[in-house]
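Trainee: Could we go through this model together? I should like to begin with one of its helices.

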Amino acid sequence: MKTRLAVRECALGTALLLVLAGCASTPRSDDANAAPAAGVPTAEPARPMAPAPVPEISPGVVAGYLGRGVPDSLKLLPSPPAADSAAFRQDQAISRAAQKLRGTPRYTLATSDADLSFPHAPSAFACALGVPITQQQSPFLYQLMHRTMTDAGLATYGAKDHYKRVRPFVHYKETTCAPKDEAALRGDGSYPSGHTSIGWTWALVLTTLAPDRADALLARGRSFSESRLVCNAHWQSDILEGKVVAAGTVAKLHANAEFKSDLAAATKEVQRLRTAGASPGVDCAAEAAALATQIPGVL
């Protein structure tokens, strides 16, 4: 019989495989950051050593830092709101308000935030961090985000698999911002939000290595989570509890020696990129304009 962790790993591999599409085809850390041939000058002489390759637990999903030690969301969280509760009526009101943003720049950004494939996903936080997050320019940071995504995602599956909450787009017989993912999402519990657990984990981790950017990073973590409302993929209560799972994940990460070592290396990368005046490499003005639109009533 499979262990509980193995079941969760299978769930991550199947339920998130579509949103992780592209991960398996991206260059491995050791390939993309291999030393240049003799006699070929490097553009960045002070570039840090590349991180060691990390195995995959399913195609395109790298192993996290915590392994069996991820938080158990079923123990952490209360039951999702009952269908006849005031809390669910609040969920419905926020869902309907968020759907009024279809066709706006905020919806376009939410669609981008829905894509957890690498190398795309880390760029969501590049403007808030103020430097590029790429495998070539910041390999330790890039891998740190890739591995913590796995930890944060796996940590949601205790509750997801137990409650099997129906997502808003299924409840209302509507669509999402990512139609190609809908078949997988229909069978993947809505509570708590995996995207939120991942995005809030990233916001907290990035704040640790760049505390002077905390306001921008935490605000982006919040908006990344709220993109799931705009995409019609989650209820507000899914998002609020996804942040709880993220907090538990980050707390455990800070007790992990390998994570702390990679975090220190990633911090040096960010400092180096700042010194070099590297730009985030994405359209930060367009992002800011999209984020200026708020969801009425959101908590």
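Trainee: Is α11 largely enclosed or open to solvent, and why?

Mentor: This is a predicted model. In it, helix α11 is largely enclosed by the rest of the structure, because 14 of its 16 residues are buried.

Trainee: What span should its 16 residues give?

Mentor: At 1.5 Å a residue, helix α11 (residues 194-209) should span 22 Å. The C-alpha atoms at its ends are 23 Å apart, which agrees.

Trainee: Turning to aromatics, how many pairs does the structure hold?

Mentor: There are nine aromatic pairs. One of them joins Phe125 and Trp202: the ring centres are 6.0 Å apart and the planes lie at 85°, so this pair is edge-to-face.

Trainee: Which parts does that pair tie together?

Mentor: Phe125 belongs to the loop between α5 (105-114) and α6 (126-129), while Trp202 is in helix α11, so the pair links parts 77 residues apart in sequence. Phe125 is buried at 0% relative accessibility, and Trp202 is buried with a relative accessible area of 1%.

Trainee: Which residues form a cluster with them?

Mentor: Phe118, Tyr142 and Phe224 form one aromatic cluster with Phe125 and Trp202.

Trainee: And which charged end sits over the ring of Tyr65?

Mentor: That of Arg147, 4.0 Å from the ring centre. Arg96, for its part, lies over the face of Tyr172, 3.7 Å from the ring centre.

Trainee: A last topic: where is Val70?

Mentor: Val70 is in the loop between β2 (61-62) and α3 (73-76). Val70 counts as buried, at 7% relative accessibility. Its C-alpha atom is 9.4 Å from that of Gly153, 83 residues apart along the chain.

Note on methods. Residues are numbered from 1 along each chain as its sequence is written. This is a predicted model: local features need pLDDT of at least 70, side-chain atom pairs count only at pLDDT 80 or more; totals for chains, interfaces and linings use all residues. Side-chain values use heavy atoms; hydrogens and water are left out. Helices (H or I, at least four residues) and strands (E, at least two) are DSSP runs, numbered from the N terminus. Buried means under 20% relative accessible area, exposed over 50%, partly exposed in between (1.4 Å probe, protein chains only). The expected span of a helix is 1.5 Å times one less than its number of residues. Rings of Phe, Tyr and Trp (its six-membered ring) pair if their centres lie within 6.5 Å; planes under 30 degrees apart count as stacked, over 60 as edge-to-face and the rest as tilted. A charge sits over a ring if NZ of Lys or CZ of Arg is within 6 Å of the ring centre and within 35 degrees of the ring normal.
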